[in-house]
Amino acid sequence: MKLFRHETRQASEESRRLYALFELFHTLADFGAATLFIVGSIMFFSEQWVTFGTWLFLVGSVLFALKPSLRLWCEIRLYRMHNYDELADRGQE
């Protein structure tokens, strides 16, 4: 069984629920990063807000980096949920 397979996301009610939860977190990270980048960009128009705007850019960048981490974590969880037999067979070899 490979990672990033659509079938594993739909294999059971538990996997559908898990995938939906991770999709929600992924979307929230997108909105959060976009909001921080927009507000940070506006702050660059004023010299006194440049430092705070830079911090918003940094936090927004961390949120963008969180997205692929969430995707990988979700796929690994889905893989483990539906592949116990194959993992047990590997352990016996």
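Predicted model: local features only at pLDDT ≥ 70, side-chain atom pairs only at ≥ 80, totals over all residues.
**Entry on the overall fold.** I counted four helices and zero strands in the protein, and reading from the N terminus on, I wrote the order of elements as α-α-α-α. I then looked up how much of the chain is covered, and found that buried residues make up 26% of the 93 residues. The protein exposes about 6700 Å², and carbon and sulfur atoms supply 65% of that area. For contacts between residues with a separation of 6 or more, I found that 66% join residues 24 or more positions apart.

**Entry on confidence.** I checked the pLDDT, which averages 81 for the protein, with 77% of the residues scoring at least 70. Among the elements, helix 2 (residues 13–43) has the highest mean, 90, whereas helix 4 (residues 84–92) has the lowest, 52.

**Entry on the aromatic rings.** How many aromatic pairs are there in the model? The count came to six aromatic pairs. One of them is formed by Phe37 and Phe64, a tilted pair with 5.5 Å from centre to centre and 55° between the planes. Because Phe37 lies in helix 2 and Phe64 in helix 3 (residues 50–81), this pair ties together parts that are 27 residues apart in sequence. I looked up the cover of Phe64 as well, and at 36% relative accessibility Phe64 counts as partly exposed.

I next turned to Phe44 and Phe57, whose ring centres are 5.3 Å apart and whose planes stand at 65°, so I recorded this pair as edge-to-face. Phe44 sits in the loop between helix 2 and helix 3, while Phe57 belongs to helix 3, and the pair links these distant parts of the chain across 13 residues. Phe44 has a relative accessible area of 40% and is partly exposed; Phe57, with 27%, is partly exposed too. Putting the two pairs side by side, I noted that Phe37, Phe44, Phe57 and Phe64 form one aromatic cluster.

**Entry on the surface.** Which residues form a nonpolar patch on the surface? I found Leu21, Leu24, Phe25 and Leu28, which together have about 360 Å² of accessible area. I followed up Leu24, which lies in helix 2 and, at 46% relative accessibility, counts as partly exposed.

Conventions
Residues numbered from 1 in each chain as written. Heavy atoms only, no water. Helix = DSSP H or I, 4+ residues; strand = E, 2+ residues; numbered from the N terminus. Buried < 20%, exposed > 50% of the residue type's maximum accessible area, 1.4 Å probe, protein only. Contact = heavy atoms within 4.5 Å. Areas by Shrake-Rupley, 256 points an atom, 1.4 Å probe, with all protein chains shown as cover. pLDDT = per-residue confidence, 0-100. Patch = residues over 30% accessible without salt bridge, like charges linked within 9 Å, V, L, I, M, F, W, Y side chains within 5 Å. Salt bridge = Lys/Arg side-chain N within 4 Å of Asp/Glu carboxyl O. Phe/Tyr/Trp six-rings, centres within 6.5 Å; stacked < 30°, edge-to-face > 60°.
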